[in-house]
Amino acid sequence: MKMVFRWYGENNDPVTLEQIRQIPGVVGVVGALFDVPVGEVWPLEKVKHLKEVVEKAGLTLEVIESVNVHEDIKLGLPTRERYIENYIETIRNLSKVGVKVICYNFMPVFDWMRTELNRKLPDGSETMEYDHSLIENITPQELIKRVKEGSHGLVLPGWEWDRLAKLEETFELYKEVDEAKLFDNFVYFLKAVIPTCEECDVKLAIHPDDPPWSIFGLPRIVTNRENIERFLRAVDSPYNGITLCMGSLGANPDNNIPEMIRYFGKMGRIHFAHVRNLKIENRGKFYETAHPSFCGSHDMFEVMKAFHDINYEGYIRPDHGRMIWGEKGRPGYGLYDRALGAVYLLGLWEAIGKMKERYC
Ligand SMILES: [Mn+2]
């Protein structure tokens, strides 16, 4: 297992590479280019520069999150061909600098979704919350406004305000796209890009839908074991894999996370993992907690044990953390709580390994 940490890039992240380098056990960053519009090719020069900056700080850049998929591909429009070609070109460019895994998602219109970005917890920390009953009572436009106001002026990943400005138009187009159609469009995309992944030795790792259910009537198809297995089998290549994000899948109590890790791990399809905890208050309502088991609804020991048992050799990163110790920054992506999370997960990993070696 390789512990990595998400970083938003020079002049785009209040957290520095030097700080990340000092978190014990973190070997690399999960990076991205944020100044390339969705659907365009990531230029080789820019990718090379990012790699150099990261390596100069003593860290690796082997995972990219995310290369976002253009809406026309998800909608299955004729214009998708151009965007698929661009995606293939981006895969090639990333392979040239040693990138091994690309995380992406196939969520219509919205990326990850929260209804409150700065909920105050009793200990004074701030965290993100999702409440489905709220989603049912506001318009997508109102939701976007809410997220924008809570983001402290920083662009959030997957929430490009320009793109979201054309919301009515996009919703209109999705009237023709149900889950079955979206699935077909997804498989079409995979069939087109996976051969290049095989050739370049870059693994695709889809991020599950967050939260793992439909919002605003839009279809969502990466939400549980059954539908994940379906597209893994539809394009049956080890390069067609997943990012096991337990924060996303784990918002639905019907998803058994350790069981999913064992199941997809045995298939050899988990290439990247987001490991974090959350507290489910009732079905459809949860907030993000610190990583330890006693803080949330998940047993993190069982999660890390499942990874250990499958001899997981891929990448893991701590996920959204709370804002603590007065830190100001991008919601979910402060330094301190994620650093505590990384070290906690590494502690579990060490204990599980040594228990097996010495006492079993
Ligand atoms: Mn995630």
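**Close-up views of the model**

**View 1. Phe216 lies in the loop between strand 7 and helix 10.** Helices and strands here are DSSP runs, helices being H or I with at least four residues and strands E with at least two, numbered from the N terminus. This is a predicted model, in which local features need pLDDT of at least 70, side-chain atom pairs count only at pLDDT 80 or more, and totals for chains, interfaces and linings use all residues. Residue numbers start from 1 along each chain, as its sequence is written. Phe216 has a positive phi near 50°, although it is a residue other than glycine. It counts as partly exposed, because 17 other C-beta atoms lie within 10 Å. The cut-offs are 20 or more other C-beta atoms within 10 Å for buried, 12 or fewer for exposed and anything in between for partly exposed, with C-beta atoms placed from the backbone. Pro211 is also found between strand 7 (203–206) and helix 10 (225–234). The peptide bond that leads from Asp210 into Pro211 is cis, with omega near 0°.

**View 2. A cis peptide bond joins Glu65 to Ser66.** Omega of this bond is near 0°. Ser66 sits in the loop that runs between strand 3 (60–65) and helix 3 (71–75).

**View 3. Asp201 lies in the loop between helix 9 and strand 7.** Asp201 is not a glycine, yet its phi is positive, at about 60°. Is Asp201 buried or exposed? Asp201 is exposed, because 11 other C-beta atoms lie within 10 Å. Glu199 belongs to helix 9 (residues 179–200). With 13 C-beta neighbours inside 10 Å, Glu199 is partly exposed. From Glu199 to Pro258 there are 59 residues in sequence and 32 Å in space, C-alpha to C-alpha.

**View 4. Helix 4 packs against helix 9, and their axes cross at roughly 20°.** Two packed helices are described by the angle between their axes and the distance between the axes. Axes are lines fitted to C-alpha atoms, for helices over the stretch in contact, with angles from 0 to 180 degrees between N-to-C directions. The axes of helix 4 (residues 80–96) and helix 9 come within 10 Å. The crossing angle therefore makes helix 4 roughly parallel to helix 9. Angles under 35 degrees count as roughly parallel, over 145 as roughly antiparallel, 65 to 115 as roughly perpendicular and the rest as oblique. From helix 4, Ile84, Tyr87, Ile88, Ile91, Arg92 and Ser95 meet Phe189, Ala192, Val193, Thr196, Cys197 and Cys200 of helix 9. Residues are in contact if their C-beta atoms, placed from the backbone, lie within 7 Å. By class, this contact has nine nonpolar, two polar and one charged residues. Nonpolar covers Ala, Val, Leu, Ile, Met, Phe, Trp, Tyr, Cys and Pro, charged covers Asp, Glu, Lys and Arg, and the others, Gly among them, are polar.

**View 5. The largest nonpolar core has 75 residues.** A nonpolar core is a set of buried Ala, Val, Leu, Ile, Met, Phe, Trp, Tyr and Cys residues joined through C-beta atoms within 7 Å. Val29, Ile102 and Val303 have the most contacts inside the core. Helix 9 gives the most to this core, with six residues. Which residues does Ile102 contact, leaving aside its neighbours within four places in sequence? They are Ile64, Val67, Ile91, Leu94, Val202, Leu204 and Ala205.

**View 6. Helix 12 and helix 13 pack at an angle of about 10°.** The axes of helix 12 (residues 257–266) and helix 13 (residues 300–309) are 8 Å apart. Helix 12 and helix 13 are therefore roughly parallel to each other. Ile257, Pro258, Ile261 and Arg262 of helix 12 meet Glu302, Val303, Ala306, Phe307 and Asp309 of helix 13. Six residues of this contact are nonpolar, none is polar and three are charged.

**View 7. Helix 13 and helix 14 cross at roughly 60°.** Their axes come within 9 Å, with helix 14 spanning residues 336–359. This angle makes helix 13 oblique to helix 14. Met300, Phe301, Met304, Lys305 and His308 of helix 13 meet Leu345, Leu348, Trp349, Ile352 and Gly353 of helix 14. The contact divides into seven nonpolar, two polar and one charged residues.

**View 8. Met300, Val303, Met304, Lys305, Ala306 and Phe307 are the buried residues of helix 13.** Their cover includes helix 11 (246–249), helix 12, strand 9 (270–275) and helix 14. Just after helix 13, Asn311 has a positive phi of about 55°.

Note on methods
Contact = placed C-beta atoms within 7 Å.
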